[in-house]
Amino acid sequence: MGNPRTSRFTAIVTALVLAAIVVVLPLRCAWREAPGEVTLGVSALRISLPVFVAQEQGIFARHGLRVTLRTYPTAQPMIDDVALGRVDAAGFAAWPIILLASERATEPLRVTTSLVEDDAHRLSYVLARRGSGLRFPADAPGRRVGVLPTVAYRKWLPAIVRAAGLDPATVTVVPVEPALQAQSLAQGGVDMLFTNDPMATAMIARGVAEVIDDGPPCARRLGAPFRFGSFVLSGSFARRAPELAARVERALDEAILATRRDSVAARVAMARYLRPEERPFVDRYPPSRYLTSAEAGEALREEVASERALGILDRDVKVARFQRSER
């Protein structure tokens, strides 16, 4: 027979170990969940400004989120990755990109907050080489117009030209990657560029280009205020982690308010995410207009109706507003 003292000691140690497991395991799981690990996509464009602000100013962290940013050259591949569940959320992105990408979504996308263009808050530009004498839209027919390689700019340009009473079929649309836009314009690869920041402001500041439109093209021709885009959550993320999704939304709301209070600090927050040749000009960006989740209201419903009327959207979409019931 074994030693009774040894057996009693073993039993006590075993009981203590089991008790420790019961106490420590939930704490360990809670510790793992508490940081709120989230992967967010951003485009290296000014439209992602509130996301950069939330990351650089510690707003995500204050909401209990540990955010990894994944940077994309444009919003097109970024939203494709959201639709396929490869990233949890991303933004901001133009509405046509979001709505048309939704048909590839494994679960319906969720949108929150909004980005708007009007006369005082320019997002879109049409540029030409300095001194070209061209004007847009009057001189667009017969010209090669470079656009960002996204469905939004490819769809918006014909709609803008048509709204100006001109024939879109007479305009040659040339997709041009952001990093190649200045070179393409300077070397005559395109006659005009329909684009946004940071490329536009950098080209203007360096004397490569000048603005040739008669106002922000989208707002001027497609209706002001123009609903430019939104922030997007993958359907699977909103379903499996509704509280984390709600924290992301609250952080974005706070970042939008911070952007309004101090636009200079907001622009500084995105500088390190830009190409070196674009960083010196962040202080020249025009003000941006973002709407919080509460202010955005029925932006999605209104945008779907508008895009159907413009002929941009001809199919059903798998997109819904991020609802309180999901939180």
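1. V145 pairs with V173 of β7 as its bridge partner. Strands here are DSSP E runs of at least two residues, helices H or I runs of at least four, both numbered from the N terminus. The model is predicted: local features need pLDDT of at least 70, side-chain atom pairs pLDDT 80 or more, while totals for chains, interfaces and linings use all residues. Numbering starts from 1 along each chain as its sequence is written, and side-chain values use heavy atoms, with hydrogens and water left out.

2. β6 (residues 144-147) and β7 are parallel, with 4 bridges. Pairing requires at least two DSSP bridges between two strands. The open sheet has 5 strands, ordered β7-β6-β8-β5-β9, with mixed pairing.

3. Helix α6 (residues 151-163) lies across β6, β7 and β8. Its angle to β8 is about 115 degrees. Axes are lines fitted to C-alpha atoms, for helices over the stretch in contact (heavy atoms within 4.5 Å), and angles run from 0 to 180 degrees between N-to-C directions.

4. D191 sits in the loop between α7 (181-186) and β8 (192-195). Is D191 buried or exposed? D191 counts as buried because its relative accessibility is 12%; the cut-offs are under 20% for buried, over 50% for exposed and partly exposed in between, with a 1.4 Å probe and protein chains only. Leaving out residues up to four places away in sequence, D191 touches L127, A128, R129, L134, R143, R144 and L185.
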